[in-house]
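Here is a short report for a reader who is new to this structure.

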Amino acid sequence: MNPYILATLLFGLVLGTTLTFSSSHWLLAWMGLEINSLAIIPIMAQHHHPRAVEAATKYFLTQATAAAVLLFASTTNAWLTGQWDIYQMSHPITTTMITLALALKVGLAPLHSWLPEVLQGLDLTTGLILSTWQKLAPFALLLQLHPDNSTLLIILGLASTLIGGWGGLNQTQLRKILAYSSIAHLGWMALILQYSPSLTLLTLITYFVMTFSAFLTFKINKATNINSLAISWAKTPALTALTPLVLLSLGGLPPLTGFMPKWLILQELTNQGLAPTATFAAMTALLSLYFYLRLSYAMTLTMPPNNLPGTTPWRLPSSQMTLPLALSTTATITLLPMTPAISSLLSM
């Protein structure tokens with residue numbers, strides 16, 4: 001793609017997200033979401049591969065549906081209450097409709113079925129943008145919305161943690177596994193959204209850091225399925241040794257960074273009198289942990305020669321920048337001791 005066109009599209013991504021962040025009017029927020037969606041579709045289809053075009057089409061139809069429902073609900077709210085302000089959502093029907101529209105935009109279960117299929121058709125760089133940056137604007141609106149019906153968010157959150165763990169069990173494609181991982185993490189954020197917005201923000205940032213490490217690791221190894229992970233040791237031995245820690249951090253195991261948000265979420269849910277919900281969420285985390293362990297096994301305990309259908313890749317040094325991966329991997333593994341400081345900041 002022409003670098004000027006790519007720069008324009010990336011500027012559109014930033015502009016759309018920033019417009020949604022700064023708006024208190026539903027029309028401006030909808031406009032920012034539309035600019036964001038339209039900017040990423042050419043980036044998705046830039047390789048002109050049939051799978052990429054299919055993914056871009058599915059993404060466009062899904063986002064257009066969610067945007068139409070959001071615009072209809074906000075217009076209905078203005079008709080019923082005379083308010084266009086995001087903070088003035090008082091009617092339960094329109095609030096529920098907008099919550100479901102934003103859940104469709106980010107991929108919360110049971111409105112999740114588009115996300116694994118779309119992510120599977122993209123390259124890892126575009127998939128990283130879709131899994132991280134594209135979540136910011138809808139979550140900013142959810143944080144501002146403060147829906148009164150917390151039962152809906154709990155149902156969406158528990159369904160997402162369950163389906164995100166269950167759906168990834170029989171997958172062999174890394175991008176689909178990361179998509180189901182994204183669904184599960186979004187479920188944890190939805191669970192705590194009503195009770196502690198600052199904790200939702202912390203979980204979102206931690207998820208971004210961990211997902212950034214996972215995507216860049218697979219990108220440097222040029223790995224797209226589990227079998228191709230088995231030959232990572234010959235190409236990047238140091239990175240292959242650290243990758244299981246990144247994956248286990250995504251699973252939420254101590255003493256890694258990913259344990260921090262889940263620990264704080266379970267504590268907050270228990271304080272709110274939702275001990276059964278916290279127990280169910282903790283049990284569904286075991287499902288996600290299984291496929292992270294499966295990836296770790298394939299990467300570190302499966303050594304060539306094996307039954308790979310392809311040829312062994314050339315062991316040439318990578319020309320990609322490794323500093324971002326080094327920083328994100330360090331943050332993914334070592335930030336748990338900062339939990340008391342982060343907790344004190346959240347309570348301020």
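In this predicted model, the centres of domain 1 and domain 2 lie 25 Å apart, taken over C-alpha atoms. The contact draws 9 residues from domain 1 and 11 residues from domain 2. According to the domain assignment, domain 1 covers 1-111. Domain 2 is made of two segments, 149-306 and 322-339.

**The interface**

Together the two domains bury about 750 Å² between them. Carbon and sulfur atoms account for 80% of that area. Three residues stand out on the side of domain 1: Thr99, Leu108 and Ala109. They supply 57% of the area that domain 1 buries against domain 2, more than any other three residues.

| Link between domain 1 and domain 2 | Count |
|---|---|
| Salt bridges | 0 salt bridges |
| Polar contacts (both residues at pLDDT 80 or more) | 1 residue pair |

What classes of residue does domain 1 turn to domain 2? The touching side of domain 1 has 6 nonpolar and 3 polar residues, with no charged residues.

Ser131 sits in helix 6, which spans residues 124-131. Is Ser131 buried or exposed? Ser131 is buried, because its relative accessible area is 2%, and the cut-off for buried is under 20%. Which residues does Ser131 contact, leaving aside neighbours within four places in sequence? Ser131 is in contact with Leu119, Tyr207, Phe208, Thr211 and Phe215.

Notes: Residues numbered from 1 in each chain as written. Predicted model: local features only at pLDDT ≥ 70, side-chain atom pairs only at ≥ 80, totals over all residues. Heavy atoms only, no water. Domains from an automatic or database assignment. Contact = heavy atoms within 4.5 Å. Buried area = accessible area lost by both parts, 1.4 Å probe. Salt bridge = Lys/Arg side-chain N within 4 Å of Asp/Glu carboxyl O. Polar contact = N/O pair within 3.5 Å; in protein donor to acceptor, adjacent residues only side chain to side chain. Nonpolar A, V, L, I, M, F, W, Y, C, P; charged D, E, K, R; others polar. Helix = DSSP H or I, 4+ residues; strand = E, 2+ residues; numbered from the N terminus. Buried < 20%, exposed > 50% of the residue type's maximum accessible area, 1.4 Å probe, protein only.
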